[in-house]
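Subject: Structure handover

Hello,

Here is the structure we spoke about. Please open it alongside this note.

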Amino acid sequence: MDAALGYNLEVEKIKREIEEALGAVVGTSVELAVPEKLAHGDYTTNVALQMFSQMHSADGGPSHPRDFVARRSAAADQHNAEDGSVSAVRARGKPSASSASDTSIFAGITSPRGLAEKIVEEVSRGGKVKHYIKDIQIAGPGFINFYLSDEALQEGLGRMGESFGRSDLGKGKTVLVEYSSPNIAKRFGIGHLRSTVIGQALRNLLEDTGHTTIGENHLGDWGTQFGMILAQIDRKALNEEVETLSVEDLETLYVEFNDCADKDEELRELAKEWFKKLEAGDSEARRMFEAVHKTSMSEFDTLYDLLDIHIENSHGESFYEDKMDVVIAEARKKGISKRSQGAEIVEFDDMPPAMLLKSDGTTTYFTRDLAAIKYRLKTYKPNLIIYEVGSDQILHFKQVFAAAKMLGWGRMTDFVHMAHGLIRFPEGKMSTRLGRTVNLQDVLDKAIKKARELGSENEEVAKMVGIGALKYFDLKHKPTSEIVFSWDEILALDGNSGPYLQYTYARTQSVLHKSGVAQADLASFKVPEDSTNERDLIRYLYRYPGAIMAAQQNYSPNLLCNYLFELAQLFNSFYNAEKIIGSGEEKLRLSVTAAVGQTLKNGLSLLGISTPEKM
Ligand code: ARG
């Protein structure tokens, strides 16, 4: 087995053993969290607080501690406002039945701190965790903080190399990630940037944790709006020169048509007819549609190249055109669809109905999504399908997943809609012309230009910095939160930004370059004494595989961003405080520097961000 894999699991192994020891004492599963500040230890738990409040809950009155229900919370993202500790208790199973004889060990305890003390006493008594733990402290109202032993840290040192962080936790699992999915005949708007960037990062995280991934681009290339474009091309007699129309031209045609169709019933009918022709395979409609498709794809491909995005399967909605009949037939046969005012719908208990067929007999976005699921399950046999699509489509995906379940295609847990928040622009700064979306190419050009102004003279570096800045800004936000676009924040060299992390990486490389040391050789060092900067950096590096796992399991690349930003800050204060080259500790310090550089590089690469050697 790869040493790096061993290391990753080793981190989990130590964590799990402490969790087990704690669980045996309190009688329910406990999940340790990682405190934000190193001063609060390497792991922490609020189990005593949870347990105490359950024992003294107002409704139930004092009860046996084993009956407490542990609260679920996202591990690494929550922190206790009072002392900054991250804490979470997670119920992994049902608390075991209480037995009278056990009650005594917690009897007469009057505060959460007292309870914490008792838990610590019991955990230490077994001697089981001694090996891994240097110290256990009780903090604040009753947090229990664990500090890793030299031995545990030492074990990690040798593995902080190139494959640091990688694991095989997801071995044997195939995950299909659908992301990007822009609409043809429209320019790639900034609205699709989040899906593209987050989707790629999720895939990278899944791959790094041993999953097999499949990428799908569900292009919007079908539906009545193409009837409008074709109708307008025809009205303007551009039929013979469709190939020469740029995406911008197509967008203009669409907007023009819409403006007129607003007040013109006949035009709307014309668009419907053109779409019907397209669905019926009319050769002229088909030819024009394909030309439009080709033009759009080549523009998207240019952007994907620039953004370093690789989606191997591009099955747009049109691909499912001939795969919907069987879905409709299956829905009828299984009795889940019903006629309603000429249309055919699927009803749900707790949601509005979804339309399978419109009254004019054409299919819908919903129908195509069902056909896509059927195709994907059959073709790739994935264990999970993740849809990286904006939060404005939450209802749509709930309906699609529920219908798939009604069709007997899987459980609700086989599908995840990673609904990202939308990008907002501060008033006036960047207006969306005519209500159209902000064009991504324009934003990328501007990002690169601004990176040049930051001082990246080399064009390649300016690209890496500009694009990296944009990607990082997107990724550092929790996917679900709405984000407000800000150039100042995107490019801030002294804040939580892509350029800051790239700059820190380049700094590690420049130190190493000067010294002639290229590789981390931490294995040959003894873990340094308490509270040295080096020890803190090693403790922080030790958290990297855990950060990857948390980011992957919560589908939250922002957790990795947080980690990398903290690491960079820690390194920069070390760099400012200590002389590296020429000091008595030169070798150790260089080695720590190399490990930080390697880890920043590994982490940024998972986020899809390049790391120039010089900036
Ligand atoms: N093209 C759609 C849009 O831009 C997104 C597609 C999302 N994926 C899906 N399977 N429906 O809104």
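Predicted model: local features only at pLDDT ≥ 70, side-chain atom pairs only at ≥ 80, totals over all residues.

A polar contact here is a pair of N or O atoms within 3.5 Å.

**Ligand site**

Tyr365 puts an N or O atom of its side chain 2.7 Å from a nitrogen atom of the ligand. Asp369 does likewise: a side-chain N or O atom sits 2.7 Å from a ligand nitrogen.

Which residues surround the ligand? They are Glu178, Ser181, Asn183, His192, His218, Gly220, Tyr365, Asp369, Tyr387, Val389, Gln393 and Phe397.

**H11 and H12**

Helix H11 covers residues 365-380, and helix H12 covers residues 394-406. Their axes are 10 Å apart, at an angle of about 50 degrees. Angles from 65 to 115 degrees would count as roughly perpendicular and those under 35 as roughly parallel, so H11 is oblique to H12. The crossing is right-handed.

From H11, the contact uses Tyr365, Phe366, Asp369, Leu370 and Ile373. H12 answers with His396, Phe397, Gln399, Val400, Ala403 and Ala404. By class, that is eight nonpolar residues, two polar and one charged. Phe397 is also one of the residues around the ligand.

**H6 and H7**

Next, helix H6 (residues 224-235) and helix H7 (residues 247-261). Their axes come within 9 Å and cross at roughly 95 degrees. H6 and H7 are therefore roughly perpendicular to each other.

On the H6 side are Gln225, Met228, Ile229, Ala231, Gln232, Ile233 and Arg235. They meet Leu250, Leu253, Tyr254, Glu256, Phe257 and Asn258 of H7.

**H4 and H17**

Last pair: helix H4 (residues 150-157) with helix H17 (residues 533-542). The packing angle is about 70 degrees, and the axes are 10 Å apart. That angle makes H4 roughly perpendicular to H17. This crossing is left-handed.

H4 contributes Asp150, Ala152, Leu153, Gly156 and Leu157. H17 contributes Arg535, Ile538, Arg539 and Tyr542. Five of these contact residues are nonpolar, one is polar and three are charged.

Best wishes

Definitions and conventions:
Residues numbered from 1 in each chain as written. Heavy atoms only, no water. Axes fitted to C-alpha atoms, helices over the stretch in contact; angles between N-to-C directions. Helix = DSSP H or I, 4+ residues; strand = E, 2+ residues; numbered from the N terminus. Parallel < 35°, antiparallel > 145°, perpendicular 65-115°, else oblique. Left-handed = near helix turned anticlockwise from the far one by under 90°. Contact = heavy atoms within 4.5 Å. Nonpolar A, V, L, I, M, F, W, Y, C, P; charged D, E, K, R; others polar. Near = heavy atom within 4 Å. Polar contact = N/O pair within 3.5 Å; in protein donor to acceptor, adjacent residues only side chain to side chain.
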